[in-house]
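Subject: Structure for you to look at

Dear colleague,

I am passing on a structure that will be new to you, and my notes on it follow below. Please read them with the model open beside you.

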Amino acid sequence: MSLELSVVVLAAGMGTRMKSALPKVMHKVAGKPMVGHVIDTAAHLKAAKTMVVVGPDMPDLIKTVAPHPTFEQTDRLGTAHAVLAAKDGLKGLTGNVLVLYADSPLFTAETLARLVAAREENDHAVAVLGFRPEDPTGYGRLVTDQNGNLTAIVEDKECNDAQRQINFCNSGVMCFKAEDMIATLEAIDNANAKGEYYLTDAVEVAQKNGQSCVAVEVDEAETLGVNSRTQLAVAEGILQDRLREQAMVDGATLIDPASVFFSADTKLGRDVIVEPNVVFGPGVVVGDNTVIKAFSHLESCVVGEGADIGPYARLRPGAEIGAGARVGNFVEIKKAVVEDGAKVNHLSYIGDARVGAKANIGAGTITCNYDGFRKQHTDIGAGAFIGSNSSLVAPVEIGDGAIVGAGSTITGKVEADALTLTRAERIEKKGWAAKFREKMSQLTGKK
Ligand code: UD1
Ligand code: MG
């Protein structure tokens, strides 16, 4: 594949079977809207131009695909009509134009490159990606001659009995010779069972013009189109398997791959160990030699080299964990930098904060970052020691090397290397408990 490539993504359908207020292609798999996966694949193919055909009233979709241009298909008159909605964007293009469905997020860039290369090879008018399902019902059938040339695509509703037996089917992905595409599509009519402008009729039009077409086969697993929540879950499963496999190929150990969930953009370093039941939301970058222990949940965060996370840790957006730092069980970190070698080992909330290098945050420490109106900052200096069960009421600043006594409530500023503690005076009444028990057992008759 060497000529220029442009991509048209069809995303006009609302997807009524999803029973959703969201346009179908905005539903996410591996943490990213389906349409985003398709656009990423186009980017992998180095598409010079990617255009998206949207339906009426889909402002969020338009925002999601920006800066790629969108074209509105107001009435749904068929797939050829949908592609022609982008006619202004197709004018003057050269090379290849690939048509993709935004509800089919599993096609790989390698497969699409193979299709484009096949179209270029004999300067075919159209190349179609075909597959062989067990049950071809509902799909357009690919009719080929003895030489393997594609001579027609016959939609399910238009098939005669012999054609209905063909199990080589149109996946929906088609690649066009850019220079002829508009003329080809404009020659398509809607004289058929559904009264639609079928994109698939492009093959017949090309034949009439003395041009050739070709079909390329792909594994059925890549062709899945999502029309329902059930199919959304199937697509999720396939993508997760791919992401797990890729993580292992890239040098991470997944002890129980099937229980680890990735986002499409998760980045793991080398020699990362991921224990069972870990979820990576969008935007996570993990450095080399880290361990992410069981039942941890990470999103939009960075984990430095050699850090040790979990079990049961929650890293929320804006958490930046330094090299060799330790975030232990039942610790939640949000929008906070935990510098190199610092430890937050147990039962803490650290939000809107900096924890200096090698500081130690005792069990149960809470940064009180919110007063009901504003989020305020907590700054903990390098080497500071915060005693267990302390509340740091932001804005608050703990100097380098300072010690905060256990159970303290701290506001304002603590000097470097100082000891600070707030504690109620201790009351002790000798023998009180024993007397209390005796009195109560007389009163109630209970021992
Ligand atoms: C289409 C193909 C069929 C193929 C099948 C694979 C045609 C005529 N048929 O059939 O050969 O086997 O996909 O799944 O192309 N769309 C629009 N605007 C429209 C119509 C459709 O944007 O006016 C979009 C849909 O949202 C969908 C895609 O195009 O994402 C395919 O449309 P759909 O109605 O599902 O076509 P099929 O009948 O399944
Ligand atoms: Mg369909």
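Around ligand 1 there are 19 residues, the closest being Gln73, Gly78, Thr79, Glu155 and Asn170, where a residue counts as near if one of its heavy atoms lies within 4 Å of the molecule. This is a predicted model, in which local features need pLDDT of at least 70 and side-chain atom pairs count only at pLDDT 80 or more, while totals for chains, interfaces and linings use all residues. Residues are numbered from 1 along each chain as its sequence is written, chains are lettered from A and ligands numbered from 1 in the order in which they are written, and side-chain values use heavy atoms, with hydrogens and water left out.

The shell around ligand 1 is made up of seven nonpolar, eight polar and four charged residues (Ala, Val, Leu, Ile, Met, Phe, Trp, Tyr, Cys and Pro count as nonpolar, Asp, Glu, Lys and Arg as charged, and the others, Gly among them, as polar). At least two residues of that shell come from helix H3 (79–84), and at least two from strand S10 (169–177); helices (H or I, at least four residues) and strands (E, at least two) are DSSP runs, numbered from the N terminus.

As for individual atoms, the side chain of Gln73 places an N or O atom 2.7 Å from a nitrogen atom of ligand 1, and a backbone N or O atom of Gly78 is 2.9 Å from an oxygen atom of the ligand. In the side chain of Asp103, an N or O atom lies 3.3 Å from an oxygen atom of ligand 1. The protein buries 84% of the 750 Å² that ligand 1 exposes when taken alone (accessible areas by the Shrake-Rupley method with a 1.4 Å probe).

Turning to the protein chain, its secondary structure comprises 10 helices and 34 strands. Its radius of gyration, taken over C-alpha atoms, is 31 Å, well over the 22 Å that the globule rule gives for 447 residues, so the chain is more spread out than a compact globule (the rule is 2.2 Å times the number of residues to the power 0.38).

Some backbone details remain. The peptide bond from Ala66 to Pro67 is cis, with omega near 10°, and Pro67 belongs to the loop between helix H2 (59–65) and strand S5 (70–72).

Best regards

Key: A polar contact is a pair of N or O atoms within 3.5 Å; within protein, one must be able to donate a hydrogen and the other to accept it, and residues adjacent in sequence count only if both atoms are side-chain atoms.
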